[in-house]
Amino acid sequence: MTTRSTGAAPRLPAIHLSATDHALLSGLVGDADAEGAAGLLQQELARAHVHRSGRRIPTVGLNHWVHYVDGDNSRTRRIKIVLPAEADIDQGLISPLSHVGAGLLGLAQGQSIRWPAPSGQIRTLTPVLIEDPDDLV
């Protein structure tokens, strides 16, 4: 993500993904330059710290429920990031090819990222609870 308000890009938080999630997500976006949320996801995958599968990493990944806050709005939302074919917004299942999905991936509980909305407005996404952290790999 490259946004500039005072001439300097905002510092992005470190993100961590399992090797399995990284491989699945990389397969979704491929190597060709993408635009929109897919392009943002490509950038995140390129900078992610990848951990071998089987190692517990308590960060937002595929197929785990996460409660997050979007910006200054104190309302918490609960979603699960799933592969695009399984996405169903009415059930809280969102694609990693969505802006929110791409922005939350790899973040730890309490970590925040300044992230663009589809409108271009910058918002702050913060996971406040990752369910079943003992099951994360």
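These legends accompany close-up views of a predicted model. Residues are numbered from 1 along each chain as its sequence is written, and side-chain values use heavy atoms, leaving out hydrogens and water. Local features need pLDDT of at least 70 and side-chain atom pairs count only at pLDDT 80 or more, while totals for chains, interfaces and linings use all residues.

**View 1. The largest nonpolar core.** This core holds 24 residues. Membership requires buried Ala, Val, Leu, Ile, Met, Phe, Trp, Tyr or Cys, joined through side-chain atoms within 4.5 Å; buried means under 20% relative accessible area (1.4 Å probe, protein chains only). L25, L41, I79, I81 and L104 touch the most other members. Elements giving two or more residues include helix 1 (19-29), helix 2 (36-47), strand 4 (76-81) and strand 7 (122-130). Helices (H or I, at least four residues) and strands (E, at least two) are DSSP runs, numbered from the N terminus.

**View 2. Surroundings of L41.** Neighbours within four places in sequence are set aside. L41 is then in contact (heavy atoms within 4.5 Å) with L25, V29, P96, L97, A102 and L105.

View 3. Five strands line up in the order 5-4-3-7-6, with mixed pairing. Two strands pair if DSSP finds at least two bridges between them. Strand 5 (93-94) and strand 6 are the edges, each pairing on one side only.

**View 4. Strand 4 and its partners.** Strands 3 and 4 run antiparallel, joined by five bridges. H67 has R78 as its bridge partner; V69 has T76. Strands 4 and 5 run parallel, with two bridges. There, K80 is partnered by L93.

Note on methods
Buried means under 20% relative accessible area, exposed over 50%, partly exposed in between (1.4 Å probe, protein chains only).
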